[in-house]
Amino acid sequence: MSEKRFSLLLQAVRFDDIETRNDRRAIDKLAPIRTVFDDFVRRCKENYTVGENCTIDEMLEGFRGRCNFRQYIPNKPNKYDIKIQALVDSRTFYTSNMEVYVGTQPDGPFKCDNSPSSIVKRLIASILKTGRNITMDNWYNSIPLANELLKNHNLTVVGTSRKKFE
């Protein structure tokens with residue numbers, strides 16, 4: 001396929017129904033790609049089991065389109081990014097679970113707590129009580145969270161910790 005043909009097809013691709021987009025956007029900022037993104041994450045979880053060591057971190061994906069939740073970070077190569085938080089296998093770098101950071105969602109089924117400990121608990125839901133080790137940086141990690149993961153979920157934590165935690 002020629003590059004010109006590929007570009008033409010790419011311009012015509014739509015992932016959602018434009019007729020209902022405004023109604024869905026009233027309760028979900030990620031409405032235009034929610035179906036495709038959730039299906040991708042579901043398939044990641046179904047088709048791969050992470051090893052004994054996992055990592056939770058954020059990825060910044062460059063994005064120049066219109067989007068009210070993209071991040072502006074002037075010292076990065078891509079100044080406009082979309083932040084994606086992910087649970088990844090530390091050995092193979094395969095993504096097991098992820099979620100897009102969209103800021104504060106409107107009231108509705110997609111509204112959730114964006115505190116670091118809540119994000120970690122949502123990302124590790126598929127590996128609870130499996131005895132795995134999770135590596136995370138100081139934005140996600142805290143001593144109360146590490147204690148809770150060890151006592152209630154049989155997961156160990158490695159990483160730096162903030163002096164002041166929630």
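User: What separates Arg42 and Asp39 in helix α3?

Analyst: This is a predicted model. In it, Arg42 and Asp39 are three residues apart in helix α3 (residues 34-47), so about one helical turn separates them. An α-helix has 3.6 residues a turn, so residues three or four places apart point the same way.

User: What makes the pair Arg42 and Asp39 a salt bridge?

Analyst: The closest N and O atoms of Arg42 and Asp39 are 2.4 Å apart. A salt bridge needs a side-chain nitrogen of Lys or Arg within 4 Å of a carboxyl oxygen of Asp or Glu, so the pair qualifies.

User: Why is Arg42 called partly exposed?

Analyst: Its relative accessibility is 38%. Buried means under 20% and exposed means over 50%, so a value in between is called partly exposed. Asp39, at 26%, is partly exposed as well.

User: Why is Asp107 called exposed, and what is Lys111 called?

Analyst: Asp107 has 62% relative accessibility, and exposed means over 50%, so the word applies. Lys111 has a relative accessible area of 42%, so it counts as partly exposed. The side chains of Lys111 and Asp107 meet in a salt bridge, with 3.3 Å from N to O.

User: What does the salt bridge of Lys121 and Glu148 tie together?

Analyst: The side chains of Lys121 and Glu148 meet at 3.1 Å, N to O. Lys121 lies in helix α4 and Glu148 in helix α5, so the pair ties together parts that are 27 residues apart in sequence.

User: How do you know that the buried residues of α5 line one face of the helix?

Analyst: The buried residues of α5 (residues 143-153) are Leu145, Leu149 and His153. Seen down the helix axis, they fall within an arc of 40°, so they line one face. These buried residues pack against α4, β5 and β6.

User: What makes strand β4 largely enclosed?

Analyst: Six of the six residues of β4 (residues 95-100) are buried, so the rest of the structure largely encloses the strand.

User: How do you know that β3 and β4 pair?

Analyst: Five bridges join β3 (residues 80-89) to β4. Pairing takes at least two bridges, so these strands pair. They run antiparallel, and one of the bridges links Leu87 to Asn97.

User: Why is Gln85 called buried?

Analyst: Gln85, which lies in strand β3, has a relative accessible area of 1%. Buried means under 20%, so Gln85 is buried. Beyond its neighbours within four places in sequence, its contacts include Asn97, Met98 and Trp139.

Terms used:
Residues are numbered from 1 along each chain as its sequence is written. This is a predicted model: local features need pLDDT of at least 70, side-chain atom pairs count only at pLDDT 80 or more; totals for chains, interfaces and linings use all residues. Side-chain values use heavy atoms; hydrogens and water are left out. Buried means under 20% relative accessible area, exposed over 50%, partly exposed in between (1.4 Å probe, protein chains only). Helices (H or I, at least four residues) and strands (E, at least two) are DSSP runs, numbered from the N terminus. Contact means heavy atoms within 4.5 Å. The arc is that of the directions from the helix axis to the C-beta atoms.
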